Amino acid sequence: MAAMMQQPQIILLKEGTDTSQGKAQLVSNISACTTVADVVRTTLGPRGMDKLIHDDKGNVTISNDGATIMKLLDIVHPAAKILVDIAKSQDSEVGDGTTTVVLLAGEFLREAKPFIEDGVHPQNLIRSYRTASYLAIEKTKELAVSIEGKSLEEKKSLLAKCAATTLSSKLIGGEKEFFAQMVVDSVIAIGDEDRLNMIGIKKVPGGTMRDSFFVNGVAFKKTFSYAGFEQQPKKFVNPKILLLNIELELKSEKENAEIRLSDPSQYQSIVDAEWNIIYDKLDKCAQSGAKVVLSRLAIGDLATQYFADRDIFCAGRVAEEDLQRVSAATGGTVQTSVNNVIDEVLGTCELFEERQVGNERFNIFSGCPSARTATIVLRGGADQFIEEAERSLHDAIMIVRRALKNSTVVAGGGAIDMEISRYLRQHARTIAGKSQLFINSYAKALEVIPRQLCDNAGFDATDVLNKLRQKHALPSGEGAPYGVDINTGGIADSFANFVWEPSVVKINAINAATEAACLILSVDETVKNPKSESAQGEAAASAMGGRGRGGAAFRGRGRGMRRR
């Protein structure tokens, strides 16, 4: 009888904890990931559509950059978040191919789903996918063409082709040649410099895209200026440039200072001392021989007029980033004191001018001697449009940098994907056992890129894919560089049409997508703590409530005038 009695239920987890496991859990994770992939699916390629994302703060973003869309979607599903992470990593590592990586991961999982439902163990799938990914990457390296050993002019035109391929899928694709040249110039200008912020992108609404221009040096918006600014010269040839990190204005005391005077005439001597200090600073700036004085802190009205009288241009409150770029370009060093300013710390450039761009004024330093910096000034009709143009240029800049460093390219337009797919199908036939099926499904998943390119351009994908398969299956191997021709809806030699992309983009995308797919396939149970949602809410509420504010004490103060 005792044996017949029921076992007591063992309570292991806190009440309300949601656990789901087994095959159903895995299938639900796969479905979530394929849904995310479907969101960015339509943004792939030169005929890709854009997404308009409206966030809770009322900001509107129009973009077709995979990483930007994934970031803004605010995905909460734990498995689908992995796709957001791989898009971000592809963006920071290579700069482009973010939509590709999400699509491939989604497609690998979609192909794995029927096998999982039929009871195949996920580890078998993972093993085959890893093998396939290794073979695909080796094949990509084998097909890559090096651009090393070419002259600078040849290299420039090759890199411009890579930039144009990236830009063709963006909003500014209509002007891709114009911008591609600009991107290549800016990347070559910064040379081996790794810091991307050495390429400044300044946005000025108004005008057309064609009004955008490239400055081989530094350009920044005219800073806030005081009276007397208009009398300053606005153009210098070969000026010396002094960079400061000090305030050139009369300062009110920071602390409550108290001075006891027995004689009113002593007050005047204190005022005089204050004026003498600032005049001493200004004299030293003028004596240094600098014709352009820039400071990160304020340059007051007195200093502005003083410099104007001596034909010196000054600008205060220059942004830290811009000052660093001017320093890098002109060879000047930022000074924290005006004492002992020697020639070595002054920068120089061929031409300094202030130019009107739209309704903004820009200070432009061009022809810099140690120009390890460049600036692109973007124009356009709407703010959202310029924002998207900036994101597109960022992708193109990253791609050109990668192509310069890794200097091998592969054919774009779905050509490399079809060739790897053919190679894997061929390889699968040599394998006995279930693994053959799994590698075949991996090969089929790679075809999603050319298929999606056709769908987005409104062509018959089945027809184009059949043509591509037939071309790639030619025994001579001459069909390897053939991809989708977006303009005619047929197929064309992508390599001959200069549709290129750095091989590192493809290798990274295949690697990241396979890793993500394997990671999701290896999860068989999700445990959700009921506290986690409420805890987040409470933490946010307490953070908001804890910010007390002290009252600010204001005091007025007068200022004496200097005795002449």
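Predicted model: local features only at pLDDT ≥ 70, side-chain atom pairs only at ≥ 80, totals over all residues.
Good morning, colleagues. Let me begin inside the protein, with glutamate 388. This residue is found in helix 11, which spans residues 383–406. Is glutamate 388 buried or exposed? Its relative accessibility is 1%, and glutamate 388 therefore counts as buried, since the cut-off for that class is under 20%.

What does glutamate 388 touch, once residues up to four places away in sequence are set aside? The contacts are Ile62, Ser63, Asn64, Asp65 and Leu171. With serine 63, glutamate 388 makes a polar contact from side chain to side chain, at 3.1 Å. With asparagine 64, the backbone is involved: the backbone nitrogen of asparagine 64 lies 3.4 Å from a polar atom of the glutamate 388 side chain.

I turn now to the salt bridges. How many salt bridges does the model contain? The count comes to 22.

Aspartate 280 counts as partly exposed, at 37% relative accessibility. Lysine 284 is likewise classed as partly exposed, with a value of 27%.

My next pair joins glutamate 353 to arginine 355, with 3.6 Å between the closest N and O atoms. Glutamate 353 counts as buried because its relative accessibility is 17%, whereas arginine 355 is partly exposed at 33%.

The remaining pair consists of arginine 361 and glutamate 354, and here the closest N and O atoms are 2.9 Å apart. Arginine 361 is partly exposed, with a relative accessible area of 28%. Glutamate 354, by contrast, is buried, at 13%. Elsewhere, salt bridges that share partners link Asp38, Arg41, Glu107 and Arg110 into one network.

Let us move to the surface. Which residues form a nonpolar patch there? They are Ile259, Leu261, Tyr267 and Ile270, and together they have about 360 Å² of accessible area. One of them, isoleucine 259, sits in the loop between strand 9, residues 240–244, and helix 8, residues 264–287. Isoleucine 259 counts as exposed because its relative accessibility is 57%, and the cut-off for that class is over 50%.

Helix 10 covers residues 320–330, and its buried residues are Asp322, Leu323, Arg325, Val326, Ser327, Ala329 and Thr330. Just after helix 10 comes glycine 331, which takes a positive phi of about 85 degrees.

Helix 4, at residues 98–117, contains proline 114. With a relative accessibility of 39%, proline 114 counts as partly exposed. How many residues apart in sequence are proline 114 and valine 27? The separation is 87 residues along the chain, while in space their C-alpha atoms are 9.3 Å apart.

Thank you for your attention.

Terms used:
Residues numbered from 1 in each chain as written. Heavy atoms only, no water. Patch = residues over 30% accessible without salt bridge, like charges linked within 9 Å, V, L, I, M, F, W, Y side chains within 5 Å. Areas by Shrake-Rupley, 256 points an atom, 1.4 Å probe, with all protein chains shown as cover. Salt bridge = Lys/Arg side-chain N within 4 Å of Asp/Glu carboxyl O. Helix = DSSP H or I, 4+ residues; strand = E, 2+ residues; numbered from the N terminus. Buried < 20%, exposed > 50% of the residue type's maximum accessible area, 1.4 Å probe, protein only. Polar contact = N/O pair within 3.5 Å; in protein donor to acceptor, adjacent residues only side chain to side chain. Contact = heavy atoms within 4.5 Å.
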